[in-house]
Amino acid sequence: MKHLYRTASLGVALALFTALTPALADSTATIGGLVNKGLVGVGRIPAAQRDKFGETFGSGSGMAIDTSGWTHDAAGYKGSLWLLPDRGYNVVGTTDYRPRLNTIGIEFAPVAPGAAPAAGQEQTGVKATLADTMLLTDDKGADATGLDPLNGVRAASGDMPILPEANGKLALDNEAIARLPDGSMFISDEYGPNIYRFSADGHLLSATQPPAALVPMRHGAPNFASNNPGPGAAEPDPKDPDTGRQNNQGLEGMAMTPDGKFLIAVLQSAPRQDGGDSPATRQNTRALVYDASDLAHLKLAHEYVVPLPVFKDAKGNTKVAAQSEIVALSDQAFLMLARDSGNGQGLKGDTSLVRQIFVVDVSAATDIAGGAFDAADKPLAPKGVLDPSVTPAKLTPFIDINDSAELGRFGLHNGAPNDKNNLSEKWEAMSVVSVLDPKLPDDYFLFVANDNDFLAQDGFQVGAPYKAEDGADVDTLFLVYQVTLPGLAKK
């Protein structure tokens, strides 16, 4: 099921919400015509799950719901989604994990907004079942790898730009997925940071390199290392890039606009030269809007600065929340998930300070595409201070994932006790699908999932067992919100 976005109705909504600051403690917070009706379902895939290759299942760095197969009957909803893991279990260092894509069968019986699930059924509304796993290969059909590409650069060839490489294999750290009607898909990655297009059977078709300002450079040359060397490998020199994306801060969020005309990709935090060398100054990240009329040759059409949320940690230090995923509403607006780090189930820190979904409006932002700031030697926010010639996008809070009242209805919480019902650290996947109710034509289910980082006590990958540190055993968790998104109508 494809959707057509009606820009006029959202334009009215955006004009309204930019003047509002809703209280997120209210689970039915309204921004213009955009409404969060609250959490309506929760479900899990256990940390012990293994895929068809016998390896520990990794969960949601990216998600795409198969809207064409989404159905509804008296028993509830059925369908499937694609869940994209990243580069494999890599607490000690990266491994030769083969990149892959998981297909998840979904059976969903939502509770009414604001209602309490029946006792004992708080986390059974979403039944998620691993149905299949597909490996992703390079353009020649050879295995790719999750290994850190230390000094590894595959030469440009034909339409392919230079690519990250490790041990002679294409190196991928996948982060977001946009599935296309023909079954092919765009996948964004951390290493490049690049946007790849894969065929329906997982074969690399094309690759798009971002502007020079985002390409990691060391000693004047592209270097895609992320300072997570594989077994026996040296650390990069220097540890961090001189310019370009910071280590492990690549194209974390990506989504196709509902009309299929544009692909939006957002860097996780500011490039190094724009304050991305510090957790306190990495606020000014970038949204890249590509013309997708030619799927094999994406063309940068627009580029905007997106100011990430700033907060104080428990010690009073200024921090910037990382952008973790987006859902496009149009080429002018998108939902953006941002979060803190270091807190949650499976970690020593237990209480998250920021896990929020924002509405981002770029309609009045300065379009910097193709300008001086796309070069690595022209910072747009030196030491984190934005150039006065640039107007950034507007952010408005929409959903507070840490809302204790909402979580509590489903037996979940944020903070102590740091058990399996405490949300884990990395919430990195979002996708929307219609509620299929003619009385509520603008209502959608917003699925949100965590990236469990393969943290398991009986883990197995790349031919070897492992046990995550400190007893971490993190399930894949799905949270489903019912939201009203005006103008996002069926085509």
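Trainee: Which residue's side chain meets that of E428 in a salt bridge?
Mentor: This is a predicted model, in which local features need pLDDT of at least 70 and side-chain atom pairs count only at pLDDT 80 or more, while totals for chains, interfaces and linings use all residues. Residues are numbered from 1 along each chain as its sequence is written, and side-chain values use heavy atoms, leaving out hydrogens and water. A salt bridge is a side-chain nitrogen of Lys or Arg within 4 Å of a carboxyl oxygen of Asp or Glu. With 3.0 Å from N to O, the partner of E428 is R339.

Trainee: How many residues apart are E428 and R339?
Mentor: E428 lies in strand β28 and R339 in strand β25, a strand being a DSSP run of E with at least two residues, numbered from the N terminus. The pair links distant parts of the chain, and the separation in residues is 89.

Trainee: Are R272 and D240 buried or exposed?
Mentor: These two residues also form a salt bridge, with their closest N and O atoms 3.9 Å apart. Buried means under 20% relative accessible area, exposed over 50%, and partly exposed in between (1.4 Å probe, protein chains only). Both R272 and D240 are buried.

Trainee: Which strands stand at the edges of the open sheet of four strands?
Mentor: The order in this sheet is β18-β19-β20-β21, with antiparallel pairing; two strands pair if DSSP finds at least two bridges between them. Each edge strand has a single partner strand, so one side of each is left without a neighbour in the sheet. The edge strands are β18 and β21.
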